[in-house]
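Subject: Structure for your review

Dear colleague,

Please find below the structure I am handing over to you. My notes on what was found in it follow.

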Amino acid sequence: MGHRRLISLILPSFLLVMPLAAHGTDPPLILALTPSRDPTALQEAGDAFVKALTQLSGVPLRAQVASDYAGVVEALRSRRVDLAFVHPVGYVLAKREAGCHILVRDIWQGKTAYTARFYVRKASGLTRIADLRGKTVAFVDPASSSGYIYPMVLLIKQGLVRDRDPKTFFKEALFAGTHDAALQSVLHGRVDAAASFDKAPELYLKDPALVAQLGVIGETPPIPEAGICARPGLPAEPLDRLKRALLAIKGPEHAQVLKEIYDIDGFIEASDADYEPVRDAMALMGLARPK
């Protein structure tokens, strides 16, 4: 999924402001998008999404592409944006740093949660996580839920990693930068294992023959899907209309708009409690306060 791809939570950030005409006389609420591809293409997809949402809700909206999730959290905190698409870790930060609340959760690939897995080549003979001691691994990015944080928590809970340091277990641990690159590193024998999410091989490798070369030797508990959050202080009535409209946006009528923005199927009800497992994982990883 688009915004599951890795986004740094620590880099300095800024918002790329791309004004659109407001609908009607009310100032539009601004929905922040974190780029997972070319920002211009995402802006176009965002414009189509907020147009459909405005038509359904009667609430004027404007889409704005952000540089990364650190920028989204800061913009929510300073009230420069009102709503934002957030990935699981991003929502926990937005709640803690900006007092935001979750409106809806994404439905992606027909599911509202996903898992992280350790992938190996089937021909390697590796069959369980403990077999990776002294081996090499490709994670994705330190800010990734499925490409680092959750897999590390699994290793910590099994007593395999000490002091949150993967090198207490692995011979070498690298960050590949993307899920695709991590999986390719395994397939080409550059590493013994890779951490990524449950649908990653089918999504990125596409060729069933390549997917068939990979085996799974460990899997995390479910990770709640990403969603849309709202900053505090917004009027309740338009926010309620927006939430109803989001729950109503689905296929076939809106399938193309949803696919283009983040390749999602629609939205379901969400609550802050859904993200308690993410908070627990972040705490185990020492991410209680972002630097």
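This is a predicted model: local features need pLDDT of at least 70, side-chain atom pairs count only at pLDDT 80 or more; totals for chains, interfaces and linings use all residues.

The volume of the largest cavity is about 40 Å³. Its lining consists of Leu-31, Leu-53, Leu-61, Leu-83, Ile-228, Leu-242 and Leu-246. Sorted by class, that lining comprises seven nonpolar residues, with no polar and no charged ones.

As for the chain as a whole, ten helices and 14 strands are assigned. Of the 291 residues in the protein chain, 53% are buried. Among contacts with a separation of 6 or more, 78% are between residues 24 or more positions apart. The protein chain has an accessible surface of about 12,400 Å², and carbon and sulfur atoms contribute 54% of this area.

Helix H5 covers residues 179-187, and its buried residues are His-179, Ala-182, Leu-183, Ser-185, Val-186 and Leu-187. Just after H5 comes Gly-189, whose phi is positive at about 75°.

The aromatic side chains may also be of interest to you. The whole structure contains 13 aromatic pairs. One of them joins Phe-139 and Phe-175 in a tilted arrangement, with 6.3 Å from centre to centre and 40° between the planes. Phe-139 belongs to strand E8 (residues 136-139) and Phe-175 to strand E9 (residues 172-175), so this pair ties together parts that are 36 residues apart in sequence. Phe-175, by contrast, has a relative accessibility of 42% and so counts as partly exposed, a class that lies between 20% and 50%.

Phe-169 counts as buried at 3% relative accessibility, and Phe-170 counts as buried at 2%. Both of these residues belong to a cluster linked by ring pairs, together with Phe-139, Tyr-148 and Phe-175.

With kind regards

Conventions: Residues are numbered from 1 along each chain as its sequence is written. Side-chain values use heavy atoms; hydrogens and water are left out. On a 1 Å grid over the protein atoms alone, a cavity is a set of points where a 1.4 Å probe fits but cannot get out, and a pocket is an open set with protein on both sides within 12 Å along at least five of seven lines; lining residues have an atom within 4 Å of a point. Grid points are joined across faces, edges and corners, and a volume is the space filled by probe spheres set on the points. Ala, Val, Leu, Ile, Met, Phe, Trp, Tyr, Cys and Pro count as nonpolar, Asp, Glu, Lys and Arg as charged, and the others, Gly among them, as polar. Buried means under 20% relative accessible area, exposed over 50%, partly exposed in between (1.4 Å probe, protein chains only). Helices (H or I, at least four residues) and strands (E, at least two) are DSSP runs, numbered from the N terminus. Contact means heavy atoms within 4.5 Å. Accessible areas come from the Shrake-Rupley method with a 1.4 Å probe; for residues, only the protein chains shown count as cover. Rings of Phe, Tyr and Trp (its six-membered ring) pair if their centres lie within 6.5 Å; planes under 30 degrees apart count as stacked, over 60 as edge-to-face and the rest as tilted.
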